[in-house]
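Look over the sequence and model first.

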Amino acid sequence: MEQGRTQMDLSHPDKLLWPEAGVTKQGLLDHYTAVWPRMERFVVNRPLALVRAPDGVAGKQRFFQKHASPGMHEAIGKMADPEDGEELLYIKDFNGVAALVQLGVVEIHIWGCTIDAIDTPDQVVFDLDPDEGLDMNDVRAATLDIRRRLDGLGLPNVVKTSGGKGFHVIVPLKPKADWKTVKTFAHDFAEAMEQSDPEKYTATLSKKARTGRIFIDYLRNARGSTTVAPYSSRAKPNATVSVPVTWPEVENGVGPADFSIDGKALGKALKAADPWGDFDKLRKALHG
DNA sequence: GGGTGTA
DNA sequence: TACACCCAACGCCGT
DNA sequence: ACGGCG
Ligand SMILES: [Mn+2]
Ligand SMILES: [Mn+2]
């Protein structure tokens with residue numbers, strides 16, 4: 001059995017999944033081949049949610065999937081959620097990604113925990129969701145503000161582009177605290193930001209509260225909630241990718257949608273040092 | 001994309 | 001054989 | 001209790 005790469009056959013490898021960007025199903029698999037050394041540890045052995053677009057991102061069909069369908073490829077692992085018995089999905093290796101690509105998966109989302117410790121999250125996520133038309137520089141400034149606050153609390157942090165309109169700031173955790181603890185921490189953190197700068201931030205998701213502001217989406221930190229995985233493609237016309245970056249890059253103006261499949265910026269990023277290389281070393285227990 | 005249910 | 005259908009789900013918030 | 005929302 002080949003490890004690390006697959007010869008799994010793709011049906012219709014030349015089908016355009018991102019017609020506007022000219023990215024085919026094979027092109028998507030090639031993307032994952034290129035990023036896999038950096039991506040693997042963030043996606044394997046975690047419950048997943050999938051955004052599937054079997055006819056491409058411009059097609060009619062697009063759906064979100066958290067549970068197994070009958071007959072799914074054996075490279076896609078299934079595990080009963082101890083809470084409700086639903087069959088959660090996960091992958092163990094690159095063959096799993098290949099199987100996802102064959103299914104028309106255009107976004108890979110991860111739970112904030114591994115399958116071996118499903119009740120103790122190993123990360124906190126702050127998902128910055130700006131209102132339409134907010135200046136990208138305001139979003140960068142908000143992201144840097146989150147870093148400053150986390151630094152002040154002595155909490156490790158890394159950042160990635162979302163591939164959409166914002167950034168994701170991640171606190172690597174040792175999986176000690178439970179979901180309630182982690183979500184409450186994230187909620188309190190978001191509310192503190194809103195209180196200190198209510199013109200810029202809101203901790204309330206409603207469109208109304210978000211007008212002209214950035215929603216600090218702490219709700220990603222709930223059991224069963226998911227966030228787009230590092231290096232996942234996005235179901236946007238441009239085939240953007242969520243990419244880990246360094247804090248200096250954010251300071252120097254990197255934008256949330258600056259990276260895309262086959263893009264120059266991504267190729268360059270992959271040649272530089274891994275911005276999240278120390279992720280596992282940085283892990284810290286919340287509270288403790 | 002593909003299994004399932006209905007004709 | 002030929003189709004249509006399904007593919008998550010839940011807490012938060014304003015009313 | 002319901003609808004919008006992520
Ligand atoms: Mn977001
Ligand atoms: Mn969000």
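A side-chain N or O atom of glutamine 61 sits 3.0 Å from a base oxygen of DNA strand B. In this predicted model, local features need pLDDT of at least 70, side-chain atom pairs count only at pLDDT 80 or more, and totals for chains, interfaces and linings use all residues. Residues are numbered from 1 along each chain as written, chains are lettered from A and ligands numbered from 1 in written order, and side-chain values use heavy atoms, without hydrogens and water.

Glutamine 61 also reaches DNA strand C: a polar side-chain atom lies 3.0 Å from a base nitrogen.

| Residue and atom | DNA strand | Distance to a phosphate oxygen |
|---|---|---|
| Lysine 15, side-chain N or O | B | 2.8 Å |
| Lysine 25, polar side-chain atom | B | 2.6 Å |
| Lysine 66, backbone N or O | C | 3.5 Å |
| Lysine 183, polar side-chain atom | C | 3.5 Å |

How do the atoms of DNA strand B within 4 Å of the protein divide? Sugar or phosphate accounts for 67%, and bases for the rest. For DNA strand C, 50% of the atoms within 4 Å of the protein belong to sugar or phosphate, and the rest to bases.

The residues around DNA strand B include His12, Arg52, Pro54 and Gln102. Those around DNA strand C include Phe64, His67, Glu86 and Tyr218. A residue is near a strand if one of its heavy atoms lies within 4 Å of it. Strand E4 (residues 63–65; a DSSP run of E, at least two residues) gives the most to the surface near DNA strand C, with 3 residues.

Key:
Polar contact = N/O pair within 3.5 Å; in protein donor to acceptor, adjacent residues only side chain to side chain. Helix = DSSP H or I, 4+ residues; strand = E, 2+ residues; numbered from the N terminus.
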